[in-house]
Amino acid sequence: MNQPLSPRQMHFLARVAEGQTMVSAGRELGLAAAAAEDYGKKIKAKLGARTMPHAVLLACRAGLLDGKPRRHGDHAGFAAHVYRGEDPWACTQGCPEGERAYRAERRRARREAKAPAA
């Protein structure tokens with residue numbers, strides 16, 4: 001994702017995640033049907049998604065739509081900071097430590113996968 005989602009885009013995406021169509025979600029924001037479709041396209045582009053369900057999935061994985069105000073201390077919390085346009089390394093609630101642990105585990109798993117079987 002190149003840019004963080006705006007609060008209006010987050011509202012739109014949350015309504016779509018709850019099962020509304022893009023048109024009805026756009027209506028809540030005062031958008032016409034064609035404008036709602038364009039709004040959805042911009043959100044998909046920002047998230048790097050191919051479809052709106054894919055955008056919802058990516059937002060959930062990043063911790064943007066998990067129903068919690070913010071996640072901390074693990075890789076998903078770290079990614080949520082990135083998606084929100086914040087500096088995750090400045091988090092004082094454990095996100096840098098969680099990300100370091102995640103990266104160390106991934107390195108260990110890659111080394112084990114490359115090691116020849118004994």
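Is cysteine 91 buried or exposed? Cysteine 91 is buried, at a relative accessible area of 14%. Keep in mind that this is a predicted model.

I will stay with the cysteines for a moment. The disulfide count is zero. Take cysteine 60: no disulfide includes it, and the nearest cysteine sulfur, in cysteine 95, is 18 Å away. Cysteine 60 is partly exposed, with a relative accessible area of 35%. Cysteine 91 is another matter. Its closest cysteine sulfur also belongs to cysteine 95, at 3.6 Å. A disulfide would need the two sulfur atoms within 2.5 Å, so 3.6 Å is too far for a bond.

Now the core. In the largest nonpolar core there are 23 residues, and Phe12 and Leu13 have the most contacts inside it. Four helices each give at least two residues to this core: helix 1 (7-17), helix 2 (22-28), helix 3 (33-47) and helix 4 (52-61). As a general point, nonpolar side chains in soluble globular proteins tend to be buried together.

Setting aside neighbours within four places in sequence, its contacts are Leu5, Ile43, Leu47, Met52, Ala55, Val56, Ala59 and Leu65.

Next, helix 1 as a whole. Its buried residues are Gln9, Met10, Phe12, Leu13, Ala14, Arg15 and Val16. Please note that Gln9 and Arg15 are on that list. The cover over these buried residues includes helix 2, helix 3 and helix 4.

Last, the chain just after helix 1. Glycine 19 sits there with a positive phi of about 110 degrees.

Conventions:
Residues numbered from 1 in each chain as written. Predicted model: local features only at pLDDT ≥ 70, side-chain atom pairs only at ≥ 80, totals over all residues. Heavy atoms only, no water. Core = buried A, V, L, I, M, F, W, Y, C linked by side-chain atoms within 4.5 Å. Buried < 20%, exposed > 50% of the residue type's maximum accessible area, 1.4 Å probe, protein only. Contact = heavy atoms within 4.5 Å.
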